[in-house]
Amino acid sequence: MTETEYSFERPVSVAALQVLFRQTDWADRRSDSDVALLIRQTPVQIGAWQGDRLVGYARALTDGRFRALIDDVVVDEASRGAGIGSEIMRRLLVRLDGVEEVFLLTGDDKVDYYARLGFHPSGAKCLRWRADAAG
């Protein structure tokens, strides 16, 4: 098996990220221009590569001190179960260590996975604006 390289600095291309997003049911309809904007505007993002192939990705929106929201955690279907997602999250949380509160939105089917990584229900009520636009 090829060694996995993790990096906050290595550029992530739209095409490579779209390969991962197309494997999801929550990001599979994003346009290339929207994904390009996401990459440009996100202050903290990490990729996992095996050679030149992006096999994992996550990002965080943050002010660097008080709040951070981890979003778009995705691992290539063929690489799932190998610990790549856990390692991405571990490194991302180290990067966000000085942030007072780190939040993560996830589906019910992933709650146990993130609980093993130290996440717990916040008790806060998550509100959403434009729910109709989300489908």
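The model is a predicted one, so I kept to its thresholds: local features need pLDDT of at least 70, side-chain atom pairs count only at pLDDT 80 or more, and totals for chains, interfaces and linings use all residues. Residues are numbered from 1 along each chain as its sequence is written, and side-chain values use heavy atoms, with hydrogens and water left out.

**Entry 1**

I started with Y57, which is buried at a relative accessible area of 0%. F21 also counts as buried, with 0% relative accessibility, whereas W26 is partly exposed at 41%.

Next I looked for ring pairs. Rings of Phe, Tyr and Trp (its six-membered ring) pair if their centres lie within 6.5 Å; planes under 30 degrees apart count as stacked, over 60 as edge-to-face and the rest as tilted. Searching the whole structure gave four aromatic pairs. In one of them, F21 and W26, the ring centres are 6.0 Å apart and the planes stand at 65 degrees, so the pair is edge-to-face. F21 and Y57 have their ring centres 6.4 Å apart and their planes at 85 degrees, so this pair is edge-to-face. It links distant parts of the chain, with F21 in helix 1 and Y57 in strand 3, 36 residues apart. Helices (H or I, at least four residues) and strands (E, at least two) are DSSP runs, numbered from the N terminus.

Which charged end sits over the ring of F21? I found that of R30, 4.9 Å from the ring centre. The charged end of R95 sits over the ring of F8, 3.9 Å from its centre. The test is that NZ of Lys or CZ of Arg is within 6 Å of the ring centre and within 35 degrees of the ring normal.

**Entry 2: the sheet**

I then traced the strands, counting two as paired if DSSP finds at least two bridges between them. Five strands make an open sheet in the order 1-2-3-4-5, with mixed pairing. Strand 1 (5-7) and strand 5 (101-104) are at the edges with a single partner strand each, so one side of each has no neighbour in the sheet. Neighbouring strands are turned by 20 degrees against each other on average, direction ignored. Axes here are lines fitted to C-alpha atoms, for helices over the stretch in contact, and angles run from 0 to 180 degrees between N-to-C directions.

My pairing list, strand by strand:

- Strand 1 and strand 2 (residues 44-50) are antiparallel over three bridges; E5 stands opposite W49 and S7 opposite G47.
- Strand 2 and strand 3 are antiparallel over seven bridges, and I46 has A58 as its bridge partner.
- Strand 3 and strand 4 are antiparallel over six bridges, with A60 opposite I70.
- Strand 4 and strand 5 are parallel over four bridges; R67 has E101 as its bridge partner.

The hairpin of strand 2 and strand 3 has two residues between the strands, and G51 in the turn has a positive phi of about 65 degrees. The hairpin of strand 3 and strand 4 has four residues between the strands, and there G64 takes a positive phi near 85 degrees.

Is strand 2 enclosed or open? Seven of its seven residues are buried, so strand 2 is largely enclosed by the rest of the structure. V44, I46, A48 and Q50 point one way, while Q45, G47 and W49 point the other.

**Entry 3: helix 2**

Which residues of helix 2 (residues 32-41) are buried? I noted V35, A36, L38 and I39. They span an arc of only 160 degrees around the axis, which puts them on the same side of helix 2; the arc is that of the directions from the helix axis to the C-beta atoms. On the other side, S33, R40 and Q41 are exposed. The buried residues of helix 2 pack against helix 1, strand 2, strand 3 and strand 4, where contact means heavy atoms within 4.5 Å.

Definitions and conventions: Buried means under 20% relative accessible area, exposed over 50%, partly exposed in between (1.4 Å probe, protein chains only).
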